[in-house]
Amino acid sequence: MDMTATSWVTWQLLDATLPTGAFAHAGGLEAAAQSHHLDEAGDIERFVDTSLVELAHNQVPLLAAAHAAPARLGELDARCDAMLANNVANRASRAQGQALLTAAATAFDHPALDAWRRELRDARLTAHLAPTFGAVTATLGMDATAAQRVYLYTTMRDLVSAAVRFNRIGSLQAQALQYHLSPHIDRYIRLARHLAPEQACQTVSLLDILQARHDQLYSRLFHS
């Protein structure tokens, strides 16, 4: 794939209209709000920033490994499934990864994507989001750093969007927040660059607890 085509694929993967179901998930933000962890000024920014740090250490190593060797997708997918012991986070990862794979296989017409979609259909692949994102972006010709930046940027965008829809910040404040946090992404990628999949780890236990509490909430706007 030439560089022009790759650039357009990057924009398409960044587009909020790509049907991955990401906007139905809040990454624990809804539970955090209902548990009064987001009541003070600056709490939303800290929550989003901490979530990016967690993903850089927990999921980006799996994404990077799948990007470097897409043929390892099945192995890395199984590792991700075992590592996400939190049922809510595991379910959200599977839902978004499967939606991404289905959308990519339909939109981009590539034999490898079609093969992985068949494995998903035949229950030979779970298609967790991080390793699937790595394998899909490598197959479409996106370089490794760009893939990691897109992954963390879209996660940040979706968390900020969730905060808006949950009426914790306004739309203009959300744009300012994204502008302020975006430069952090490259630093977090550098922090996680040395981590092999076997070294992927959870760094913030409270996030895991908040995500797990989601199904226990009396009323819920999001799926996770």
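**Close-up views of a predicted model**

View 1. Welcome to the residues themselves: Thr 10, Leu 14, Ala 146, Arg 149, Val 150, Tyr 153, Ser 182, Ile 185 and Asp 186. Helices α1 (3-14), α9 and α11 (184-192) each contribute at least two of the lining residues, with α9 giving the largest share, four residues. The volume of this pocket comes to about 260 Å³.

**View 2. The largest pocket has a volume of about 900 Å³.** Look here for Leu 55, Gln 96, Leu 129, Tyr 151 and Thr 155, which lie nearest the pocket centre among its 43 lining residues. The lining divides into 21 nonpolar, 17 polar and five charged residues. Helix α9 supplies the largest share, seven residues; α3 (43-58), α6 (87-108), α8 (129-139) and α12 (205-212) are also among the helices that each supply at least two.

**View 3. The largest nonpolar core holds 63 residues.** Ile 44, Phe 47, Leu 113, Tyr 151 and Leu 152 touch the most other members. Helix α9 (residues 144-165) gives the most to this core, nine residues.

**View 4. Cys 80 and Cys 201 in a structure with zero disulfides.** The sulfur of Cys 201 has its closest cysteine sulfur in Cys 80, and at 14 Å the two are too far apart for a bond. Cys 80 is buried, at 0% relative accessibility, whereas Cys 201 is partly exposed, at 31%.

Notes
Residues are numbered from 1 along each chain as its sequence is written. This is a predicted model: local features need pLDDT of at least 70, side-chain atom pairs count only at pLDDT 80 or more; totals for chains, interfaces and linings use all residues. Side-chain values use heavy atoms; hydrogens and water are left out. A disulfide is a pair of cysteine sulfur atoms within 2.5 Å. Buried means under 20% relative accessible area, exposed over 50%, partly exposed in between (1.4 Å probe, protein chains only). A nonpolar core is a set of buried Ala, Val, Leu, Ile, Met, Phe, Trp, Tyr and Cys residues joined through side-chain atoms within 4.5 Å. On a 1 Å grid over the protein atoms alone, a cavity is a set of points where a 1.4 Å probe fits but cannot get out, and a pocket is an open set with protein on both sides within 12 Å along at least five of seven lines; lining residues have an atom within 4 Å of a point. Grid points are joined across faces, edges and corners, and a volume is the space filled by probe spheres set on the points. Ala, Val, Leu, Ile, Met, Phe, Trp, Tyr, Cys and Pro count as nonpolar, Asp, Glu, Lys and Arg as charged, and the others, Gly among them, as polar.
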